[in-house]
Amino acid sequence: MEKSAHAASRNPVLKPASLRRIAASQSSIQMLARHGLAAGISAAMLMPLCAEAQTEQAQNKASENATFPTIQVVEKAIDPNPNAEVGAPYKAKTSGDSRHTRPLAETPQTIQVVTAAAIADSGQTDLKQILASQPGITLGTGENGNMFGDNFVIRGQSAKSDVFVDGLRDPGMSTRESFAIEQVEITKGPNSSFAGRGSAGGAINAITKQATLDYNFTRVNLGVGTDAYQRYTADINKAIGDNGAVRINALWADQDVPDRDPASRARKGIAISGLYEANKDFSITLDYYGARGKDDYPDTGSYLIDSQPKRRPTRSDVVGAQDGDFMKSDIDTGTARIRWNIAPNVTLNSLTRYGTTNNGYAFWAPQYNITAQAATIQPHNRWQDVKYFAHQDNLRWDTNLFGRKNESVFTLEYTDHQVDQGGYTATNALPFNCRTSATSTTNNAYCVTVPSSGFDGAAIANPNSITGTTWARGGQNYDWHVKTVAASAMDTVDLTDRFTAFGGLRLDRILDFTAKTYNATTGALTGNYRYEETLHNGWAGLSYKLAPDGIVYAAYGTGQDINGGEPDSGTAAGYGGLVTVTGLGVVTNAKPETSRNWELGTKWNLLDHKLLATAAVFRTNKSNVMEATSQAEYAIDGTTNTGANRVQGVELGLVGNVTDNFSLQAGAAFMKSKITKANTANAALISHPLANFANQTYSVQGKYQLTRAFDFGGTVRHDGQRCGGQPDTGVAYDAATGLCAQPVNGFTVFDLFANYRINKHLQLHANVLNAGDKEYYTAVYRGGFFLYKGDARRFTLALDMEL
């Protein structure tokens, strides 16, 4: 700006050519008149010059009086998300997965998107918290081998291994943060055509924040709150010359769990994205993501009392974790992306990723002991090291074939994932303090409550310091390794002006799947399981345009998974672990588990594309389900492919701007589940609903812009009652009472938020999470302990700065 001003002061002001000619002609006429020579000049010579001057004067006068189109200035913050709907912060227009070639409103599938703006308003930070608030999703839990990270259940099916980042599977099984996320996409229904193995109920794809050449910005968020809450983030994008850009997202956070002293959570992270755009047709992006969660003081919540007619949680104020307990996770991931417009209608998107995740936990968790009528604590521990490599090429070809518009995508993918597991050894410095046997003459356990006339009496003094435990990492006991190569072809074709067909096929060749077990002390190999398989999956849909902005559609899709597909569950049949027939030998007739989904739906872009309304009915049948030969929690040998189940229901959604001042994201799922087939050992569970399954879930998040500077809103979310248990198994009922054996009561929770813009650089953001201070539980382990407790009320206040 300064350079331009100085240049203007040194140079004369130049007029447009037409004005210069007018000035020159007028000066000539005046000079001739003053010298008395006008009469000697031919009128024929003067008339063209005067006519030109008069014509240009008339044109300029007309221009001054002309009416120009009105330019409307809209005060909207710049959204760096390339998939966002402009002017509708809660609504995404497109998917971050380039294999979806049409806008979300035209894609014949239920794809629910939570944008960064909606996440920021909600006040939720962990991916688990964000997704738990979405309809059709509930949380699961596990024990020992599969306590790591996030555990989601989509439409009744476990999805903890079906989490993706920018279209590539993220097998780290860690606790995922939102500071570097642009939007989260939840695809409902079997999705193996896109996702590969697994995805029986759907898949979760987190789209990360990427560097951009479009504009520079620096955004800092400083947050504080009750229960020692601190959260500081930064989002900085800087263009470097005409061809490069760097974007940095950073996080430092620490907080106590509300009303659960001494439980706490800590997060640190950095995400760096570098972009080089050689020209409009070729660019390279290099990303690094690092996260550390080393200071968590874990909390497994409450537990159920066994001897009650209706089992119920108790002593929710007691945290059983001991001094020295921990849960940690170190994540390091690098990703390279190439975008190449090979031709005007041919584009290659290539992604390569290598990452490592080191997880570990060791803690004591409370559970109720009937004999002692008190809460005892038991140790749980595991370490897990994950290495993963993935490469994916997506070639998009837009062409006209047989007079029809086609958008074809061809994909090649190679993945190599390895998971090593082991445990920790506990050394307890303090003696046992209670007895769990009426005939015992010596203490044989640790209790965190004192027996009384009721069930579970008062908490003992210093319940978190009764063991004096130190933990030492032990040797490896499990090695899970899989290599896969995959190829897929997808096409979207406009059959007519109203009919559009979608289709895709994918083959996944499991090149080498091994599951080895070891003696953790000696290192000796104790089992070696190998498996090879080719998975065949497809997806097809047909949409009909009822109106320019409204469609109806029908879709069909499949999903398959292999025996032992959950790498953190070891060789136990529960929670997706490896099922064998004879010890750790080769499984006979180990067909892949297969899910098939039918869906009918409609989507409508309303109010100038600022509001999207969706509705769908669906049915998912899952067959060849792996089962143990008994209902024992840790059965390692059993028959395979003997189970089946079904989930069906209705999902509704509304997202975007209802008015210029009112933004909304709302959804509801009404579902039913049923075991349709089981082996002899589990025959009693036929017709029972699935475990970890809520029939009704809904959530509504709304924001109203009251003035130019102030907006406010809130969220209400509801989960219906459900029962705990292992995935793919039916709910177990108490024989005497007929009641659910591991109940999780339904709940409704309210959150509130408000934003006040001080000026164009500063904004205050306030949240009240769980405003009603509702006591609620989100998941339960099938044994009745590990009853995860939702957070109590928390107040936070944050200052957003744009520098």
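Which residue forms a salt bridge with Lys209? In this predicted model, the partner is Asp235, and the closest N and O atoms are 3.8 Å apart. Lys209 lies in the loop between strand 10 (202-208) and strand 11 (217-225), whereas Asp235 belongs to strand 12 (residues 229-240), so the pair ties together parts that are 26 residues apart in sequence. Lys209 has a relative accessible area of 18%, under the 20% cut-off, and therefore counts as buried. Asp235 is buried as well, at 7% relative accessibility.

The salt bridges come to 36 by the rule applied. One of them joins Glu599 to Arg155, with the closest N and O atoms 3.7 Å apart. Glu599 sits in strand 26 (residues 593-606) and Arg155 in the loop between strand 5 (152-154) and strand 6 (157-158), so this contact ties together parts that are 444 residues apart in sequence. Both Glu599 and Arg155 are buried.

Asp281 and Lys280 form a further salt bridge, in which the closest N and O atoms are 3.5 Å apart. Asp281 is partly exposed, with a relative accessible area of 28%. Lys280 reaches 65% relative accessibility; this value is over 50%, so Lys280 counts as exposed. Salt bridges also link Arg102, Glu106, Arg396, Asp398, Lys405, Glu407 and Asp494 in a network.

Ile338 is found in strand 18. Its relative accessible area is 32%, between the 20% and 50% cut-offs, so Ile338 is partly exposed.

Strand 30 (residues 696-705) runs antiparallel to strand 31, and nine bridges join the two. Together they form a hairpin, with four residues between the strands. Within this pairing, Ser699 stands opposite Arg717 of strand 31. Strand 34 (residues 747-757) is also antiparallel to strand 31, to which 10 bridges join it. There, Phe747 of strand 34 is the bridge partner of Asp719. Strand 31 is mostly covered, with eight of its 10 residues buried.

Conventions:
Residues are numbered from 1 along each chain as its sequence is written. This is a predicted model: local features need pLDDT of at least 70, side-chain atom pairs count only at pLDDT 80 or more; totals for chains, interfaces and linings use all residues. Side-chain values use heavy atoms; hydrogens and water are left out. Buried means under 20% relative accessible area, exposed over 50%, partly exposed in between (1.4 Å probe, protein chains only). Two strands pair if DSSP finds at least two bridges between them. A salt bridge is a side-chain nitrogen of Lys or Arg within 4 Å of a carboxyl oxygen of Asp or Glu.
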